[in-house]
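Biologist: I have not looked at this one before. Can you show me the structure and take me through it?

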Amino acid sequence: MSDETTGTPAGPQPDPIRFFGTTWVDHTDGYAARRAAVAVGSLAAAVAACFVLRFAYEGLEVADVGQPVTLMVVVMFAVCSALAFRHTSGAFTKRPDPDRQASLRSLLAIGFIGSLLAYFFRALVEAPGEKLNREEYEAAREQYERRSKRRTGNPSKKRRNS
């Protein structure tokens with residue numbers, strides 16, 4: 001059974017993943033090259049972000065704001081990066097709560113290096129979010145198959161017991 005106008009199979013369709021579309025389903029159309037590009041790109045962005053933070057640190061030293069403020073800024077970025085890494089890597093295995101996600105938005109923005117590193121490490125194994133999407137897609141396909149097997153034939157043509 002397929003939709004004759006678009007050529008797509010009947011039933012649930014896989015959700016696209018950023019940078020991968022739906023190639024994660026069957027690993028086609030340059031999936032491996034995309035994974036490598038995502039890994040290299042996120043690592044390069046993390047390294048560039050570290051240089052930017054280094055310049056900010058040097059700016060604090062030049063401004064002579066004092067050791068406690070400098071230490072507080074360094075600790076803040078380290079803690080926020082660690083929390084962002086943990087949150088982002090956890091979001092690849094289960095759907096995050098939207099309310100919690102909204103409340104953590106500023107923390108994730110400050111700890112963006114941690115998020116980039118989580119993206120890098122996940123891209124070494126699979127497309128980020130692929131495992132979660134695959135589980136949801138396979139569950140939806142299985143449910144669709146069970147429902148469609150129960151409804152074989154035209155119910156109006158069934159014999160009635162009289």
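Modeller: One definition to begin with: a residue is buried under 20% relative accessible area, exposed over 50%, and partly exposed in between. Take Glu145, which has a relative accessible area of 32% and is therefore partly exposed. Keep in mind that this is a predicted model.

Biologist: What does Glu145 pair with in a salt bridge?

Modeller: Its partner is Arg141, with 3.6 Å from N to O. Glu145 and Arg141 are about one helical turn from each other because they sit four residues apart in helix 6. Arg141 has a relative accessibility of 21%, so it is partly exposed.

Biologist: How many salt bridges are there?

Modeller: The count comes to five salt bridges. One of them joins Arg54 to Glu58, where the closest N and O atoms are 3.4 Å apart.

Biologist: Where do Arg54 and Glu58 lie?

Modeller: Both are in helix 1, four residues apart, which is about one turn of the helix. Arg54 is partly exposed at 47% relative accessible area, and Glu58 is partly exposed at 31%.

Biologist: And Glu126, buried or exposed?

Modeller: Glu126 is buried, since its relative accessible area is 12%. Its side chain meets that of Arg122 in a salt bridge, 3.1 Å from N to O. Arg122 has 19% relative accessibility, so it counts as buried too.

Biologist: Let's step back. How many helices and strands does the protein chain have?

Modeller: Six helices and zero strands. Along the sequence the pattern reads α-α-α-α-α-α.

Biologist: And what share of the residues is buried?

Modeller: Of the 162 residues in the protein chain, 24% are buried. Leu108 is an example, buried with a relative accessible area of 14%. It is found in helix 4, which covers residues 105-110.

Biologist: How far is Leu108 from His87?

Modeller: In sequence they are 21 residues apart, and in space 8.4 Å, taken C-alpha to C-alpha. His87 also turns up in the lining of the second largest pocket.

Biologist: Pockets, then. What is the volume of the largest pocket?

Modeller: The largest pocket holds about 430 Å³ of space. Its lining has 16 residues, and the ones nearest the centre are Ala91, Phe92, Arg95, Tyr119 and Pro128.

Biologist: Which helices supply at least two residues of that lining?

Modeller: Helix 2 (67-91) and helix 6 (130-150) each do. Helix 2 has the largest share, with three residues.

Biologist: What classes of residue are in the lining of the largest pocket?

Modeller: Nine are nonpolar, five polar and two charged.

Biologist: What about the second largest pocket, what volume does it have?

Modeller: About 160 Å³. Its lining consists of Arg86, His87, Gly90, Ala91, Lys94, Arg95, Pro96, Asp97 and Arg100. By class that gives two nonpolar, two polar and five charged residues.

Biologist: Which helix gives the most to the lining of the second largest pocket?

Modeller: Helix 2, with four residues. As for individual residues, Ala91 and Arg95 are among those lining this pocket, and Ala91 and Arg95 are also among the residues nearest the centre of the largest pocket.

Biologist: Now the surface. Which residues form a nonpolar patch?

Modeller: Leu43, Val47, Phe51 and Phe55 form one on the surface, and together they have about 380 Å² of accessible area. Leu43 lies in helix 1, residues 31-63.

Biologist: How does Leu43 count by accessibility?

Modeller: Leu43 counts as partly exposed because its relative accessibility is 34%. A residue needs over 30% relative accessible area to be part of a patch.

Definitions and conventions
Residues numbered from 1 in each chain as written. Predicted model: local features only at pLDDT ≥ 70, side-chain atom pairs only at ≥ 80, totals over all residues. Heavy atoms only, no water. Patch = residues over 30% accessible without salt bridge, like charges linked within 9 Å, V, L, I, M, F, W, Y side chains within 5 Å. Areas by Shrake-Rupley, 256 points an atom, 1.4 Å probe, with all protein chains shown as cover. Salt bridge = Lys/Arg side-chain N within 4 Å of Asp/Glu carboxyl O. Buried < 20%, exposed > 50% of the residue type's maximum accessible area, 1.4 Å probe, protein only. 1 Å grid on protein atoms, 1.4 Å probe; cavity = no way out; pocket = protein on both sides within 12 Å on 5 of 7 lines; lining within 4 Å. Points joined across faces, edges and corners; volume = space filled by probe spheres on them. Nonpolar A, V, L, I, M, F, W, Y, C, P; charged D, E, K, R; others polar.
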